[in-house]
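Here is a short report on how this chain packs.

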Amino acid sequence: MAEDVVRPAKMTVLTEASSIAARRFSGRAEAAERSALAFRVPGRVEAVYFDVGDEVVDGDLLAELDARDFRLKVQELESQLASANAALEEAGKNYRRAEELVERGVISQSEFDRLEGSFRRARGQRDAALEGLETARAALADTRLTAPFTGVVNRRMVEPFEQASPQQPQFVIDDISRIEVTVAVPESLIRFRNRLDHVDVFFPALSDSAFSARVRSVGLDVAPDSQAYPVRVTIENSDRALLPGMTAEVSFQASLANTAWEGSFLVPITSLFEREGESRIWVWDADSREVSSRVVEVQSLEPEAVRVTGDLETGMRVITAGAQHLREGQRVRKLDTGEVVGS
């Protein structure tokens with residue numbers, strides 16, 4: 001009988017996968033914090049100090065209304081409060097003196113009750129004047145629109161000399177020191193949400209540069225049309241290289257430690273073949289140069305690979321091409337690929 005031909009075959013060395021292969025999801029950059037600012041009082045706009053694209057610092061004056069009427073109101077109420085304080089002081093003196101006189105029987109109880117009532121009314125009038133003054137001072141302060149945090153003017157909807165209405169947004173300020181991207185992650189990966197320990201974001205506008213990110217939140221409401229969950233990630237942007245609106249791709253990689261997939265391996269899909277209704281791969285023995293099949297369980301389809309578990313060990317050589325053409329115990333010589341499948 002003629003000796004079997006030793007077939008050349010591509011193969012790779014098994015390396016235990018410690019993580020899920022990185023997956024990319026598309027999204028769009030947004031400012032980590034955005035605030036729409038409006039005056040709380042009506043009035044004519046007197047001045048506007050910033051425009052779209054300007055950087056502002058927390059507390060910067062963005063715009064202000066004509067505040068003359070508001071200042072006059074404060075002055076009027078300050079005068080009323082001064083009169084109310086003087087009346088309260090006088091009523092207080094009379095009340096305290098009456099307390100002594102009624103105990104000595106010098107004045108009647110009805111006279112004491114009258115003086116006590118006057119004191120209580122004066123105190124009420126002082127409190128009302130004080131409350132009115134505080135409201136007027138707040139309204140005066142509300143004629144000035146200030147930046148609530150350090151950021152960039154995204155929109156400006158106000159012009160000098162026009163009439164501003166209360167609660168109508170006049171500025172939109174973005175804090176771009178941090179950028180956030182929200183992507184839809186499928187339920188097959190969301191179960192590893194507490195293990196997403198390696199997150200990168202790529203921006204095509206910046207030559208697909210990678211930026212390290214962290215998961216900020218994972219939404220619990222699945223989108224019914226896609227069975228995906230919203231995951232929001234945050235990127236530090238201290239150099240202001242990233243801008244809201246940029247297209248982004250978020251790459252997630254999840255650790256498999258202490259999970260059912262720990263001890264799994266990634267192999268090319270071309271390594272798999274079916275026999276007797278089971279998925280198998282060929283393992284090559286370097287001493288005998290023979291192949292033997294191993295039953296494997298397919299756990300998931302990863303980008304450019306398949307995750308499998310079974311009677312496998314790190315360091316085994318697996319045939320990666322032509323699996324359908326081999327038979328049990330066939331002699332094979334190694335054709336190096338230079339690639340190692342694994343994490």
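Strand 9 and strand 12 run antiparallel and are joined by nine bridges. Strands here are DSSP E runs of at least two residues, helices are H or I runs of at least four, and both are numbered from the N terminus. Two strands count as paired when DSSP finds at least two bridges between them. Strand 12 also pairs with strand 11, again antiparallel, over four bridges. Two bridge partners in strand 12 are listed below.

| Residue | Bridge partner in strand 12 |
|---|---|
| Arg178 | Glu236 |
| Val218 | Val231 |

The model is predicted: local features need pLDDT of at least 70, side-chain atom pairs count only at pLDDT 80 or more, and totals for chains, interfaces and linings use all residues. Numbering starts from 1 along each chain as its sequence is written, and side-chain values use heavy atoms, with hydrogens and water left out.

**Cores**

The largest nonpolar core has 28 residues, and Val181, Val201, Phe203, Val233, Ile235 and Phe252 touch the most other members. Such a core is a set of buried Ala, Val, Leu, Ile, Met, Phe, Trp, Tyr and Cys residues joined through side-chain atoms within 4.5 Å. Buried means under 20% relative accessible area, exposed means over 50%, and partly exposed lies in between (1.4 Å probe, protein chains only). Elements giving two or more residues to this core include strand 2 (23–38), helix 3 (187–190), strand 10 (198–203) and strand 13 (247–253). Strand 9 supplies the largest share, five residues. A second, separate core holds 20 residues, among them Phe39, Val45, Phe70 and Ile173.

What does Phe203 contact beyond its neighbours within four places in sequence? Its partners are Ala29, Asp208, Ser209, Phe211, Ile235, Leu242, Met246, Thr247 and Ala248. Contact means heavy atoms within 4.5 Å.

**Helices**

Buried residues of helix 2 include Phe112, Leu115, Phe119, Ala122, Ala129 and Leu133. The buried residues of this helix pack against helix 1.

The structure holds five aromatic pairs. One of them, Tyr95 with Phe119, is stacked, at 5.0 Å centre to centre and 5° between the planes. Tyr95 lies in helix 1 and Phe119 in helix 2, so this pair ties together parts 24 residues apart in sequence. Rings of Phe, Tyr and Trp (its six-membered ring) pair if their centres lie within 6.5 Å; planes under 30 degrees apart are stacked, over 60 edge-to-face, and the rest tilted. Tyr95 and Phe119 are both buried. Ring pairs link Tyr95, Phe112 and Phe119 into a cluster.

**Two loop residues**

Asp66 sits in the loop between strand 5 (61–65) and helix 1 (68–104). Is Asp66 buried or exposed? Asp66 counts as buried because its relative accessibility is 13%. Its side chain makes a polar contact with the side chain of Arg68 at 2.7 Å. A polar contact is a pair of N or O atoms within 3.5 Å; within protein, one must be able to donate a hydrogen and the other to accept it, and residues adjacent in sequence count only if both atoms are side-chain atoms. Not counting residues up to four places away in sequence, Asp66 touches Arg44 and Glu46.

Thr320 is in the loop between strand 19 (317–319) and strand 20 (332–336). Thr320 is buried, at 9% relative accessible area. Beyond four places in sequence, its contacts include Lys10, Met11, Pro268 and Ser271.
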